[in-house]
Amino acid sequence: RMAQAREPCPWRPLIIMVPMRLSASDKINPDYIPKLAAYLSFPQSLGFVGGRPRHSYYFVGVRGFNTYYLDPHITQPYTPIRKNINVSSFHCASPGKMSLAHIDPSLALGFYCDDKNEFEDLIRRIKELSAGDSMPMVSAGDRAPDYLCMDDVDEDIVTLEDEPSPRDGEEADAFAAAAAAVAGSVADMDAAACVVDTGAEHDESSACAPASSST
């Protein structure tokens, strides 16, 4: 069984969803608009899910820099599922049109590969489109990146075990001295609060004594 498990499994149809945000603001970066249109022209493209504030759409195609979408949200009373149910109300009768410049920058691209050849063709197209691009929308590699092995990342990684304890050695003495200073300041403030400047001498002990409850 172990030997069979290591054998490559037969290819199965694959759906790939790539979530992304194409701007730090609430409007899509104009540099990404022609790239998004190019991805929608791929034969493996399923379109993308996105929309605009408080409106979510399924974008299925593009012509120029205009994209066409279906609105999957139709509010209607609950209908029990049965064989003769009318499903026409569950589908959008006519698509809408929106400029790519007006969509929300948060979206998810979808791709469908029926077999391995289509998947390899998709990877080739992504690599060609992102080649030489300083800010590609999607990038593809031969293997998953190992971020922990990057030189510029290793220098910044500090584990909790390597972090020195703030109460070891000389730092412990400094911490104790600071704690004592804070405690002294609090005691001085309590003493000052107990002295009431009335212009006459009085007993501080009585001024600070809590009021006794009468029985």
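Which residues are exposed on the other side of H3? Asn117 and Glu128 are, where exposed means over 50% relative accessible area, buried under 20% and partly exposed in between (1.4 Å probe, protein chains only). The model is predicted: local features need pLDDT of at least 70, side-chain atom pairs count only at pLDDT 80 or more, and totals for chains, interfaces and linings use all residues. Residues are numbered from 1 along each chain as its sequence is written, and side-chain values use heavy atoms, with hydrogens and water left out.

Helices (H or I, at least four residues) and strands (E, at least two) are DSSP runs, numbered from the N terminus. Helix H3 has 15 residues. Its first and last C-alpha atoms lie 21 Å apart, close to the 21 Å expected at 1.5 Å a residue; the expected span is 1.5 Å times one less than the number of residues. Asp121, Leu122, Ile126 and Ser130 of H3 are buried. Seen down the helix axis, the buried residues of H3 fall within an arc of 155 degrees, so they line one face. The arc is that of the directions from the axis to the C-beta atoms. These buried residues pack against E1, H2 and E6. At the N-terminal end, Asp115 caps H3, with a side-chain oxygen 3.2 Å from the backbone nitrogen of Asn117. Gly132 follows H3 and has a positive phi, near 75 degrees.

The largest nonpolar core holds 26 residues. Such a core is a set of buried Ala, Val, Leu, Ile, Met, Phe, Trp, Tyr and Cys residues joined through side-chain atoms within 4.5 Å. Leu36, Phe48, Ile103, Leu109 and Met137 touch the most other members. H2 gives the most to this core, with five residues. Beyond four places in sequence, Leu36 touches residues including Ile28, Phe48 and Leu100; contact means heavy atoms within 4.5 Å.

Lys35 also lies in H2. Lys35 counts as buried, at 16% relative accessibility. Its side chain joins that of Asp133 in a polar contact of 2.9 Å.

Eight aromatic pairs are found in the whole structure. Rings of Phe, Tyr and Trp (its six-membered ring) pair if their centres lie within 6.5 Å; planes under 30 degrees apart count as stacked, over 60 as edge-to-face and the rest as tilted. The Tyr57 and Phe59 rings have centres 6.2 Å apart and planes at 80 degrees, so the pair is edge-to-face. For Tyr57 and Tyr69 the centres are 4.1 Å apart and the planes at 25 degrees, so this pair is stacked. Phe48, Tyr57, Phe59 and Tyr69 form one aromatic cluster.

Note on methods
Polar contact = N/O pair within 3.5 Å; in protein donor to acceptor, adjacent residues only side chain to side chain.
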